[in-house]
Amino acid sequence: SLKIPKSLSILKSIPYLTSRGCPYKCAFCGLSYMHKISKVRFAEPELVFEHLKRIKAMNIGAINFQDDNFTMGKGRLFKILNLIKPLGFKFRCHGKAGQDDEEVYARLAEAGCAMVSWGCESGSQYMLDRMNKKSTVEDNYDVIRWAQKYGITARVFFVIGFPGETRETLDETKKFIAEAQPDQYFVSNFVPYPGCSVWRDPKKYGVVKMGHDFD
């Protein structure tokens with residue numbers, strides 16, 4: 001189930017970005033290639049506060065932070081959280097396993113966070129390395145455990161069928177889901193969209209045939 005926590009669903013909400021882009025280079029994602037044209041950009045915490053203060057005045061009580069990686073940069077993140085906490089928003093956002101620590105989730109909860117999502121992608125370390133995730137299976141366990149410890153709904157996204165996937169790596173992902181017990185999870189088939197590493201260098205991943213029909 002992908003149900004929204006009640007604390008979010010009963011409030012008027014709006015999507016909002018405090019940054020554009022992501023510095024990581026996951027092999028299934030084309031953002032890093034796009035950022036050769038447009039670099040990752042961050043709004044100043046004070047500007048975020050001014051925007052959200054006006055949004056609050058419109059009787060909107062929930063924010064869906066759409067940043068690819070809202071928790072990136074603890075100093076900036078904590079400044080934003082300190083500024084917006086008095087506004088009383090409930091919000092959801094995206095975190096990053098391998099980057100975040102427990103303090104991040106304690107501070108998110110204090111500021112009103114009701115849900116965090118992560119692209120954990122796989123329960124197989126072999127597949128995480130193939131995807132260039134810069135994280136470990138243990139990192140994935142950690143972020144789920146930390147979020148739930150502080151009362152935050154844990155939503156996890158997985159990619160299956162990335163080049164190199166086998167019955168055994170799929171079983172590792174199934175085992176991870178059963179053991180980690182995320183509150184919600186969503187599984188997507190890998191598609192080599194233009195711009196991603198697999199699209200640009202299929203031979204590196206053992207791909208011998210590439211489809212170009214996205215209809």
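**Exercise 1.** Which residues make a nonpolar surface patch of about 280 Å²?

*Solution.* Start with the ground rules: this is a predicted model, where local features need pLDDT of at least 70, side-chain atom pairs count only at pLDDT 80 or more, and totals for chains, interfaces and linings use all residues. Residues are numbered from 1 along each chain as its sequence is written, and side-chain values use heavy atoms, with hydrogens and water left out.

Now the patch: Val191, Tyr193 and Phe214 make it. Patch residues have over 30% relative accessible area (Shrake-Rupley method, 1.4 Å probe, only the protein chains shown count as cover) and no salt bridge (a Lys or Arg side-chain nitrogen within 4 Å of an Asp or Glu carboxyl oxygen). Nonpolar side chains (Val, Leu, Ile, Met, Phe, Trp, Tyr) are joined within 5 Å, like charges within 9 Å. Next, find Tyr193 in the loop between strand E8 (184-189) and helix H9 (197-200). Helices (H or I, at least four residues) and strands (E, at least two) are DSSP runs, numbered from the N terminus.

**Exercise 2.** Work out the strand order of the open sheet, then its edges.

*Solution.* Step one: the six strands go E1-E4-E5-E6-E7-E8, with parallel pairing; two strands pair if DSSP finds at least two bridges between them. Step two: E1 (13-16) and E8 each have a single partner strand, so one side of each lacks a neighbour in the sheet.

**Exercise 3.** Follow E4 to its partners.

*Solution.* First, E4 pairs with E1 over four bridges, and Asn64 in E4 stands opposite Pro15. Then three bridges join E4 to E5 (residues 90-94), with Ile63 opposite Phe91.
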